[in-house]
Amino acid sequence: MSIVASTSPAFRRALAPMVACAALAAMLGGAFGEGADAWQWLHWIAKPLATVLVIVAALAWPPITSRYRRRIVVGLICSLLGDVLLMWPADLFVAGLVAFLIGHLYFISGFLGDSRLGTRPLAWLGCLLLAALNLAWLWPSIPPALRGAVVVYALVLAAMAAQALARAWVHAGDVLARPARRAAIGGALFMLGDSLLAWDRFHGALPLAAVWVLGSYYAAVWFIARSVARDDGMAGVTQASTA
């Protein structure tokens, strides 16, 4: 799973502005699409396009390991499916939630390639505490039929962010420090974006919700995708690339 051989440095440099433009179009379409067909179509096209470009970015740079890249790319593909399900005219909220949940499990499996599950308990405590507080504040507003699914998703999301932060802590100062830090930033931004989405859906409409939710989401997946790439001059990390 690699397009490294067919991508030039110029193309790689162009990916960030390409993702930014598609993400901005998705945000504007989401913010102004209510009752306006042109804006709505822009949102429907640009929202998955931005995630597709993020997936391309994950494939475009030489990876720290092929195993890690496979896990991250599958997680991003699940996120793309979640994108499509959540914007579908039918109410497919639970299906979208499941797609993102599976994506987070793949992210976690990628992070576990070079860090133990549950390492750095303070990172886990912080993320789980934030998830619990968010659920407690939102609980009265969450429909009873959705509470089970929302709790499971919140716990898996918190676990993904916690493992990403703990992994960055473990690798601070070594050869994986910068890639691990990118993944940690992505995990934290994912928690932020999904918290904003939950507050907008269950508690009350947030002003310009599409801008804040999608902005944090695209930043999250971008940082996670870029955590695949090894730094310039970085020696290959000797790790098995099999599943």
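Among contacts in the chain between residues at least 6 apart in sequence, 78% join residues at least 24 apart. This is a predicted model, and its chain has eight helices and zero strands. Of the 243 residues of the chain, 48% count as buried. Here is a short tour, from the whole chain down to single residues.

**The chain as a whole**

- Reading along the sequence gives the pattern α-α-α-α-α-α-α-α. The radius of gyration of the chain is 18 Å, close to the 18 Å that the globule rule gives for 243 residues, so the chain is as compact as a globular protein of that length.
- The C-alpha trace of the chain spans about 50 × 40 × 25 Å along its principal axes.

**How the helices pack**

Two packed helices are described by the angle between their axes and the distance between the axes.

*α1 with α2*

- Helix α1 covers residues 9–32, and its axis and that of α2 come within 7 Å, crossing at roughly 155°. That angle makes α1 roughly antiparallel to α2, because angles over 145 degrees count as roughly antiparallel.
- The crossing in which α1 passes α2 is left-handed. By class, this contact of α1 with α2 has 20 nonpolar, three polar and two charged residues.

*α2 with α8*

- Helix α2 (residues 37–60) packs against helix α8 (residues 209–226) at an angle of about 20°, and their axes are 8 Å apart. The two helices, α2 and α8, are therefore roughly parallel to each other.
- α2 passes α8 in a right-handed crossing.
- On the α2 side, the residues that meet α8 are His-43, Ala-46, Lys-47, Ala-50, Thr-51, Val-54, Ala-57 and Ala-58. Their partners in α8 are Leu-214, Tyr-217, Tyr-218, Val-221, Trp-222 and Ala-225. Sorted by class, the contact of α2 with α8 has 11 nonpolar, two polar and one charged residues.

*α4 with α6*

- The axes of α4 and α6 come within 9 Å and cross at roughly 25°. The pair α4 and α6 is therefore roughly parallel, and α4 passes α6 in a left-handed crossing.
- Among the α4 residues that make this contact are Phe-93, Leu-97, Phe-100, His-104, Ile-108 and Phe-111. From α6, the contact includes Leu-146, Val-150, Tyr-153, Leu-157, Met-160, Gln-163 and Arg-167. The residues of the contact of α4 with α6 divide into 19 nonpolar, two polar and one charged.

**Residues to look up in the loops**

- His-171 sits in the loop between α6 (144–170) and α7 (177–203). With a relative accessibility of 7%, His-171 counts as buried, because buried means under 20% relative accessible area. Leaving aside residues up to four places away in sequence, His-171 touches Asp-114, Leu-176, Ala-177 and Ala-180.
- Leu-117 belongs to the loop between α4 (93–111) and α5 (121–138). Its relative accessible area is 56%, so Leu-117 is exposed. Not counting residues up to four places away in sequence, Leu-117 touches Leu-112, Trp-124 and Gln-163.
- The C-alpha atoms of Leu-117 and Ala-25 are separated by 38 Å, and these residues are 92 apart along the chain.

**A residue in helix α1**

- Ala-20 is found in helix α1. At 44% relative accessible area, Ala-20 is partly exposed.
- Ala-20 and Val-54 are 34 residues apart along the chain, and their C-alpha atoms are separated by 9.9 Å. Val-54 is also one of the α2 residues that meet α8.

Most residues other than glycine have a negative phi, and most peptide bonds are trans. You can find two positive phi values here in the loops.

- Arg-120 has a phi near 55°, a positive value in a residue other than glycine. Arg-120 lies in the loop between α4 and α5, and with a relative accessible area of 31% Arg-120 is partly exposed.
- Leu-208 has a phi near 50°, again positive in a residue other than glycine. The place of Leu-208 is in the loop between α7 and α8. Leu-208 is partly exposed, at 45% relative accessible area.

Definitions and conventions: Residues are numbered from 1 along each chain as its sequence is written. This is a predicted model: local features need pLDDT of at least 70, side-chain atom pairs count only at pLDDT 80 or more; totals for chains, interfaces and linings use all residues. Side-chain values use heavy atoms; hydrogens and water are left out. Axes are lines fitted to C-alpha atoms, for helices over the stretch in contact, and angles run from 0 to 180 degrees between N-to-C directions. Helices (H or I, at least four residues) and strands (E, at least two) are DSSP runs, numbered from the N terminus. Angles under 35 degrees count as roughly parallel, over 145 as roughly antiparallel, 65 to 115 as roughly perpendicular and the rest as oblique. A crossing is left-handed if the near helix is turned anticlockwise from the far one by less than a right angle, and right-handed if clockwise. Contact means heavy atoms within 4.5 Å. Ala, Val, Leu, Ile, Met, Phe, Trp, Tyr, Cys and Pro count as nonpolar, Asp, Glu, Lys and Arg as charged, and the others, Gly among them, as polar. The radius of gyration is taken over C-alpha atoms; the globule rule is 2.2 Å times the number of residues to the power 0.38. Buried means under 20% relative accessible area, exposed over 50%, partly exposed in between (1.4 Å probe, protein chains only).
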